[in-house]
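Open the model in your viewer and keep the selection tool ready. Each stop below says what to pick and what to look for.

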Amino acid sequence: MDLVSPQNNPNDYPSRIVSSSTIAAMATNNNSIISSSSNSSATATPNSSGTTMTPPPSTTPSRYENQKRRDWNTFCQYLRNHRPPLSLSMCSGVHVLEFLRYLDQFGKTKVHNQTCPFYGLPNPPAPCPCPLRQAWGSLDALIGRLRAAYEEHGGRPEGNPFGARAVRIYLREVRDFQAKARGVSYEKKRKRPKLKVPVPSSPQQQSSAPTAPTLADATAASEFSLF
């Protein structure tokens with residue numbers, strides 16, 4: 001068997017002589033590298049025990065805002081379906097009145113005619129052929145929401161068609177007519193001031209309270225002053 005000499009063996013590399021000082025320096029460098037890597041990992045890793053930042057909760061629109069948005073979309077759809085189609089800048093109080101009369105076909109409030117035998121009765125005992133209309137309270141609240149939505153969409157307050165004088169007069173006439181036809185009063189009742197009930201005093205307070213001078217004491221005092 002042929003032996004492989006150290007010069008010809010590819011796995012036999014010459015060993016390097018390392019001094020003690022070199023070994024100490026290498027250990028110091030290794031410790032510094034390990035400490036720096038641990039610090040970097042600690043910085044990169046979030047602290048599990050600390051408090052985490054939570055995003056602010058999303059605010060959901062209120063019922064009023066949702067209803068106002070639906071009313072505004074309905075009015076804009078009415079303008080698009082108008083013949084001829086109308087833009088928002090061309091809208092006036094006359095078109096608002098047309099929109100309110102258009103909504104009467106979807107009303108659920110029975111409004112009796114003057115020729116109806118149930119005219120003025122709040123609770124009619126039998127059905128009648130009188131038409132259904134939008135209640136005055138619903139129309140008044142609708143105009144308030146549309147008036148606010150118009151200004152939120154860039155409309156000028158002085159040119160707001162929902163605040164026109166003709167619209168206010170129409171709502172007042174609807175209120176008065178429905179009040180007579182249905183026998184319902186929309187007048188606000190004045191609240192009477194509550195009477196203050198006197199609080200009875202305790203027996204100790206009554207005994208400690210000074211008593212009013214009697215007639216005999218007043219007579220004796222006047223006689224004493226004469227002398």
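This is a predicted model: local features need pLDDT of at least 70, side-chain atom pairs count only at pLDDT 80 or more; totals for chains, interfaces and linings use all residues.

Setting aside neighbours within four places in sequence, Val111 contacts Cys130, Pro131, Arg133, Phe177, Gln178 and Ala181. Val111 sits in the loop between β1 (109-110) and β2 (132-133). Is Val111 buried or exposed? Its relative accessibility is 4%, so Val111 counts as buried.

Next, select helix α4, residues 136-152. Its 17 residues, at 1.5 Å a residue, should span 24 Å, and the end C-alpha atoms lie 25 Å apart, which agrees. Now colour the buried residues of α4: Trp136, Leu139, Leu142, Ile143, Arg145, Leu146, Ala149 and Tyr150. Their cover includes α2 (63-81), α3 (93-103) and α5 (165-182). Step past the end of α4 to Gly154, where phi is positive, near 95°.

Now turn to the aromatic rings. The whole structure holds eight aromatic pairs. Select Tyr78 and Tyr102, a tilted pair with 5.3 Å from centre to centre and 35° between the planes. Tyr78 belongs to helix α2 and Tyr102 to helix α3, 24 residues apart. Tyr78 is buried at 14% relative accessible area, while Tyr102 is partly exposed at 34%.

Phe106 is partly exposed, at 47%.

Finally, select the cluster linked by ring pairs: Trp72, Phe75, Tyr78, Phe99, Tyr102, Phe106, Tyr150 and Phe162.

How values were computed. Residues are numbered from 1 along each chain as its sequence is written. Side-chain values use heavy atoms; hydrogens and water are left out. Helices (H or I, at least four residues) and strands (E, at least two) are DSSP runs, numbered from the N terminus. The expected span of a helix is 1.5 Å times one less than its number of residues. Buried means under 20% relative accessible area, exposed over 50%, partly exposed in between (1.4 Å probe, protein chains only). Contact means heavy atoms within 4.5 Å. Rings of Phe, Tyr and Trp (its six-membered ring) pair if their centres lie within 6.5 Å; planes under 30 degrees apart count as stacked, over 60 as edge-to-face and the rest as tilted.
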